[in-house]
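Here are my notes on this model. Please read them with the structure open.

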Amino acid sequence: MTTDEHAERFTVLRPLLFTIVYEILGSATESDDVLQDSYLRWAEVDLATVRDTKSYLARLVTRQALNTLRASARRREEYVGPWLPEPLLLDEHDAAADLVLAESVSMAMLVLLETLTPDERAVFVLREVFGFHHHDIAAAVGRPVATVRQVAHRAREHVHARRKRFEPADTASTARITEQFMAATATGDFAGLLSLLAPDATWTADSGGKTTAARRPVVGAEKVAAVLLDLFHKKWQMSDLRVEMVNCNNAPAIVAHLGGRVEGAFLIEIIDGKITNFYAVRNPDKLLAVTVRRQISR
């Protein structure tokens, strides 16, 4: 078998493999590293021994992702302030037609997956999102099939008990609410902003201690509106600010460019016509991901 065939098989499956690893790690940057390392391992495999390329590569990248996740556990424990996944810049309708995929890459789901153990997270992602059989998952995580079934059940119960209702994006409604939000913040319209927010709206900012940001989530429509106006209207109004509307993790997002650099990515979660959550990623190490559009698949 030639190196070209190794490359061809890997390239065809790369969007799927990237999505699996990203959902396990919550980091596009680390996912790229895992795929690069996995390809080097894959290039050494005798393809005559591979019965199912998809299952084989899924197992390979999952093992590498778990190694990375376990190695980074201490760094995440010592992280300054809330830890949010890296935002994933997508084509406008990349995941929208696939509801399972759309939910699985949502910021809310990725934050929830952070509460699982590494094994639980990998098993949940492979089983619930991508539909792999238990024996394939067992090979990927290095556990007996019976154990994997128990872990899958435990992880599924944990996620279902804690996740909010997922609402597929209504493109027209989302566009309207986002436009109203942008207008309210640009003009300093506090009342108009309040009308767009759910009563328990939450602002969660991830800075890693590397830039100014709230160290704890801000909860409540009035408090969140005050944060938004202070950030978008007061602090950046007179600056060289360029705002771009994009799709991150299948949600409307604002990417702010200041002085030629990305200053922040702000994801907006909308349920029942109201903005319920803002995820503000300010850590510069996590903003490289919003400069490259990604293709995801399952």
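Among contacts in the protein between residues at least 6 apart in sequence, what percentage join residues at least 24 apart?

1. Range of contacts. The share is 68%. A contact here means heavy atoms within 4.5 Å.

2. Basis. This is a predicted model, where local features need pLDDT of at least 70, side-chain atom pairs count only at pLDDT 80 or more, and totals for chains, interfaces and linings use all residues. Numbering runs from 1 along each chain as its sequence is written, and side-chain values use heavy atoms, with hydrogens and water left out.

3. Overall build. The protein has twelve helices and seven strands. These elements are DSSP runs, numbered from the N terminus: helices are H or I with at least four residues, strands E with at least two. The radius of gyration is 20 Å, close to the 19 Å that the globule rule gives for 298 residues, so the protein is as compact as a globular protein of that length. The radius is taken over C-alpha atoms, and the rule is 2.2 Å times the number of residues to the power 0.38. Along its principal axes the C-alpha trace spans about 65 × 40 × 40 Å. Of the 298 residues, 51% count as buried. Buried means under 20% relative accessible area, exposed over 50%, and partly exposed in between, with a 1.4 Å probe and protein chains only.

4. The sheet. Seven strands make an open sheet with mixed pairing, in the order β1-β4-β5-β6-β7-β2-β3. β1 (89–90) and β3 (218–219) stand at the edges, each with a single partner strand, so one side of each lacks a neighbour in the sheet. Two strands pair if DSSP finds at least two bridges between them.

5. Strand β6 and its partners. β6 covers residues 261–271, and nine of its eleven residues are buried. With β5 (residues 251–258) β6 pairs in the antiparallel sense over six bridges. Ala253 stands opposite Leu267, and Ile254 has Phe266 as its bridge partner. On the pairing with β7 (residues 274–281), the sense is again antiparallel, over seven bridges. Here Phe266 stands opposite Ala280. In a regular strand the side chains alternate between the two faces of the sheet.

6. The two hairpins. The hairpin of β6 and β7 has two residues between the strands, and Asp272 takes a positive phi near 55°.

7. The cavity. How many cavities of 30 Å³ or more does the structure hold? There is one. The largest cavity has about 30 Å³ of space. Its lining is Ser55, Ala58, Arg59, Leu126, Phe132, Asp136, Ile137 and Ala140. Helices α3 (53–71) and α8 (134–141) are the elements that give two or more residues to this lining. By class, the lining has five nonpolar residues, one polar and two charged. A cavity is a set of points, on a 1 Å grid over the protein atoms alone, where a 1.4 Å probe fits but cannot get out; lining residues have an atom within 4 Å of a point.

8. Lys223. This residue lies in helix α12 (residues 221–235). Lys223 counts as exposed, at 58% relative accessibility. Lys223 and Asp200 are 23 residues apart in sequence and 9.9 Å apart in space, C-alpha to C-alpha.

Notes. On a 1 Å grid over the protein atoms alone, a cavity is a set of points where a 1.4 Å probe fits but cannot get out, and a pocket is an open set with protein on both sides within 12 Å along at least five of seven lines; lining residues have an atom within 4 Å of a point. Grid points are joined across faces, edges and corners, and a volume is the space filled by probe spheres set on the points. Ala, Val, Leu, Ile, Met, Phe, Trp, Tyr, Cys and Pro count as nonpolar, Asp, Glu, Lys and Arg as charged, and the others, Gly among them, as polar.
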